[in-house]
Amino acid sequence: MRALIVSDIHSNLEALEAVIADAQGRGGFDVIWCLGDSVGYGPDPAACLDLLQSFPLVSVAGNHDRAALDLRESADFNSAAAYSANWTARQLPEGHRGFLAGLPEVATAGAFTLVHGSLRAPLREYLLNEEAAASTFGRLTTSYCLVGHSHLPFLCLENRDGPRFVQFSENEAFALDERRLIANAGSVGQPRDYDPRPSYAIYVREDPESSGFLERHRVEYARAATQEKMRTAGLPRSLIDRLDHGV
């Protein structure tokens, strides 16, 4: 079993296409697990949703997915994010809106729980410290949890003395065991860890007697093409420029 783990695609079609092609070249995948925010910020919301749905898919909602359906959900967004939410809402046909409306806040896939932010606040909380991690571990009913929202890759292990954040290294297999774990694969469409390359993960379980392993990878993509689309659409300059810097 092989699952492609993606999050925070943010309507960046070129980035999503590059990730899928890279994952297919590394052995392929049976299903996509998406941690939310498929839309928002970028220029191709409908095309990204179409591409995701062309594969077996388990997805949860993100705050930008909800904002595209109800602009009141963008009340706490900064001006650029709010503008893009309004623009995105106008691009989505009814079928795509129906897909987003049907996304749950939390989903399970085997031993994994999928959520955009955290189990305490599925759409809003940035899970970035030990207190937030402990709260999610306290609500977790499966062995492992996958999150997005912060756009920052990490692994967080549950230990007797509390959660411990560790680096989610690139191109290295991280074997899963009996320890519970929270993982963030980073962002496909708008990385914020000072590396502009899309980040994603693959879960592999080939031996039914094992728990499998996670690997995180990065890939180059046609960033300039995405930026030109954003300029043509009149999206905010700050959103265009940040793609060059991974912030």
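Mentor: Buried means under 20% relative accessible area, exposed over 50%, and partly exposed in between (1.4 Å probe, protein chains only). The model is predicted: local features need pLDDT of at least 70, side-chain atom pairs count only at pLDDT 80 or more, and totals for chains, interfaces and linings use all residues. Residues are numbered from 1 along each chain as its sequence is written, and side-chain values use heavy atoms, without hydrogens and water.

Look at the loops. Asn 171 is not a glycine, yet its phi is positive, about 60°. Find Asn 171 in the loop between strand S8 (162-166) and strand S9 (174-175); strands are DSSP runs of E, at least two residues, and helices are runs of H or I, at least four, numbered from the N terminus. With 48% relative accessibility, Asn 171 counts as partly exposed.

Now go to His 149. Its phi is also positive, about 75°, and His 149 is not a glycine either. His 149 sits in the loop between strand S6 (144-147) and strand S7 (154-159). Its relative accessibility is 3%, so His 149 counts as buried.

Burial can be followed in a helix too. In H5 (residues 94-101), the buried residues are His 96, Phe 99 and Leu 100. Down the axis of H5 they fall within an arc of 95° (directions from the axis to the C-beta atoms), so they line one face of the helix. Glu 94, Gly 95 and Ala 101 are exposed on the other side of H5. The buried residues of H5 pack (heavy atoms within 4.5 Å) against helix H2 (45-53), strand S3 (57-59) and helix H3 (63-67).
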